[in-house]
Amino acid sequence: MAAQIATGASELRDITKMERIGAHSHIRGLGLDDRLEPRENSEGMVGQAKARKAAGMILKMVQEGRIAGRAMLFAGPPSTGKTAIALGMAQTLGPDVPFTMIAASEVFSLSMSKTEALTQAFRRSIGVRIKEETEIIEGEVVEIQIDRSLTGATKTGKLTIKTVDMETVYDLGTKMIDALSKEKVTAGDIIAIDKTSGKVSKLGRSFARSRDYDAMGADTRFLQCPEGEVQKRKEVVHTVSLHEIDVINSRTQGFLALFAGDTGEIKPELRDQINTKVSEWREEGKAEIIPGVLFIDEVHMLDIECFSFLNRALENEFAPLVIMASNRGMARIRGTTFKSPHGLPADLLDRVLIVTTHPYSDHEVRQIMQIRCAEEDVTLSQKAIDVLALMSKETTLRYVLNLISCADTLARKRKAEVVDINDVQRAYSYFIDEKRSVQWLKEQQGVVYEEGESYISAKNDVMDQS
């Protein structure tokens with residue numbers, strides 16, 4: 001059963017900014033101090049102090065491995081930061097703890113069943129930290145000698161490598177010569193070679209060669225010559241998710257299915273075998289289970305079958321922390337005729353910890369606008385900030401934040417560096433909000449298509465009659 005995932009050496013490129021500016025790209029964390037007390041404005045988070053503190057307490061337990069198989073619900077009106085808090089949790093957890101984010105509508109797919117989609121999401125959120133010992137050759141390169149045949153088809157060579165205590169000569173084959181050439185290894189480099197995979201890593205350059213000015217760049221890293229033997233045993237840690245192990249063992253093409261995306265249905269028997277194997281590794285001390293977080297946005301879009309599956313899945317041995325978000329009050333449970341708080345069945349609500357979010361105050365809205373302006377590199381005048389803050393009460397916070405970049409485009413068109421109130425008013429006239437959209441539909445009644453009608457205005461019949 002394969003449990004290793006080989007990843008190629010990542011190539012670094014000098015790119016000024018890779019990330020695009022998104023709706024939540026300004027979120028850097030939850031904005032809590034060491035005592036889990038929320039700061040007023042920190043890491044892109046503003047307001048919602050109780051919700052952020054509750055999320056911080058849950059995160060603390062997740063990081064300590066003390067909580068799994070629990071459910072948490074963020075409930076509140078739209079534009080109150082539910083998704084932002086979830087993304088802040090993901091940033092705080094870091095890359096070691098799995099965090100999976102899905103929308104409830106993603107479950108309804110033609111390629112796989114609803115329960116299979118939820119199972120895959122659950123298993124993506126469970127990490128397995130696998131420990132294994134591998135042999136490596138580490139030392140300073142003294143000399144590389146490569147001999148080519150007359151035809152150039154075959155290559156042989158010798159590699160002389162040393163530590164402080166010893167020096168060894170190795171015979172090189174064609175693949176190893178290619179690997180060393182790809183890494184541009186020269187005499188004086190300190191390298192590490194994995195004996196099992198043959199991967200060559202260039203660690204740096206020896207201090208003894210620090211005066212070789214021709215063979216060093218601005219980012220050259222100088223290291224001391226390693227001590228001890230050339231061949232060493234080293235403990236390597238791989239962190240993979242249970243879903244990745246499922247895919248590797250269920251497809252004939254191995255881990256290439258991870259990149260193809262076409263995982264399809266995975267048999268329950270295979271998952272049971274993997275669970276048994278992972279449990280054995282955990283008992284033997286070879287592996288460690290890392291319960292992660294699964295975030296389901298717009299959870300009220302799930303139906304009663306999915307909710308009953310969630311009830312059972314939360315009791316499983318390999319279950320992550322499930323965080324849900326809903327902006328519904330009393331809503332109908334999909335697949336039934338019953339109404340329930342937040343659109344969730346009563347038996348599932350009994351299992352969850354509910355955290356509420358509240359609308360932002362005027363002061364908090366102004367702070368959020370300043371954070372977004374800094375993220376989008378926009379400068380607003382004080383009058384424009386006042387108008388936008390007032391506008392957020394009449395419309396929505398999302399609409400106001402979208403207007404900022406539109407007003408900035410209008411300001412640039414007139415070659416101004418500061419967005420003024422006139423730019424905001426022009427953007428407000430170009431893009432209507434929800435309330436004005438409803439008013440416009442009332443005015444256009446009988447002209448705009450409506451559901452159940454096939455009325456075509458004669459004024460719009462402008463086809464060429466010639």
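Buried residues make up 41% of the 466 residues in the protein chain. Here buried means under 20% relative accessible area, exposed means over 50%, and partly exposed lies in between (1.4 Å probe, protein chains only). This is a predicted model, in which local features need pLDDT of at least 70, side-chain atom pairs count only at pLDDT 80 or more, and totals for chains, interfaces and linings use all residues. Residues are numbered from 1 along each chain as its sequence is written, and side-chain values use heavy atoms, with hydrogens and water left out.

**Overall make-up**

The protein chain has 14 helices and 17 strands. Helices (H or I, at least four residues) and strands (E, at least two) are DSSP runs, numbered from the N terminus. Take the contacts between residues at least 6 apart in sequence: 65% of them join residues at least 24 apart. Contact means heavy atoms within 4.5 Å.

**Helices α1 and α2**

Helix α1 spans residues 49-63, and helix α2 spans residues 82-93. Their axes come within 10 Å and cross at roughly 35°. Axes are lines fitted to C-alpha atoms, for helices over the stretch in contact, and angles run from 0 to 180 degrees between N-to-C directions. The crossing of α1 and α2 is right-handed.

Which residues of α1 meet α2? They are Ala51, Arg52, Ala55, Leu59, Val62 and Gln63. On the α2 side, the partners are Ile85, Met89, Thr92 and Leu93. The residues of this contact divide into seven nonpolar, two polar and one charged. Ala, Val, Leu, Ile, Met, Phe, Trp, Tyr, Cys and Pro count as nonpolar, Asp, Glu, Lys and Arg as charged, and the others, Gly among them, as polar.

**Salt bridges**

A salt bridge is a side-chain nitrogen of Lys or Arg within 4 Å of a carboxyl oxygen of Asp or Glu. By this rule the count comes to 27.

| Pair | Closest N to O | Accessibility |
|---|---|---|
| Arg414 and Asp423 | 2.7 Å | Arg414: 42%, partly exposed; Asp423: 1%, buried |

Salt bridges that share partners also join Glu116, Arg123, Asp246 and Arg271 into one network.

Not counting residues up to four places away in sequence, Lys114 touches Val107, Phe108, Asp303, Glu305 and Cys306. Lys114 and Asp303 are 189 residues apart in sequence, but 9.6 Å apart in space, C-alpha to C-alpha.

Asp189 belongs to strand β8 (residues 189-194), and Lys202 to strand β9 (residues 200-206), 13 residues apart.

**Helix α10 and what covers it**

Helix α10 (residues 362-376) has 15 residues. From its first C-alpha to its last, α10 reaches 21 Å, close to the 21 Å expected at 1.5 Å a residue. The expected span is 1.5 Å times one less than the number of residues.

Which residues of α10 are buried? They are Val365, Gln367, Ile368, Met369, Ile371, Arg372, Cys373, Glu375 and Glu376. Their cover includes β1 (41-42), β2 (45-46), α11 (382-394) and α12 (397-413). Just after α10, Asp377 takes a positive phi of about 60°.

Helix α12 holds Asp408. Is Asp408 buried or exposed? Asp408 is buried, with a relative accessible area of 10%. Leaving aside neighbours within four places in sequence, Asp408 is in contact with Val378 and Val419.

**Positive phi in two loops**

Glu43 lies in the loop between β1 and β2. Its phi is near 55°, a positive value in a residue other than glycine. Glu43 is partly exposed, at 36% relative accessibility.

Lys415 is found in the loop between α12 and α13 (421-430). Phi of Lys415 is near 60°, again positive in a residue other than glycine. Lys415 is exposed, with a relative accessible area of 78%.

Conventions: A crossing is left-handed if the near helix is turned anticlockwise from the far one by less than a right angle, and right-handed if clockwise.
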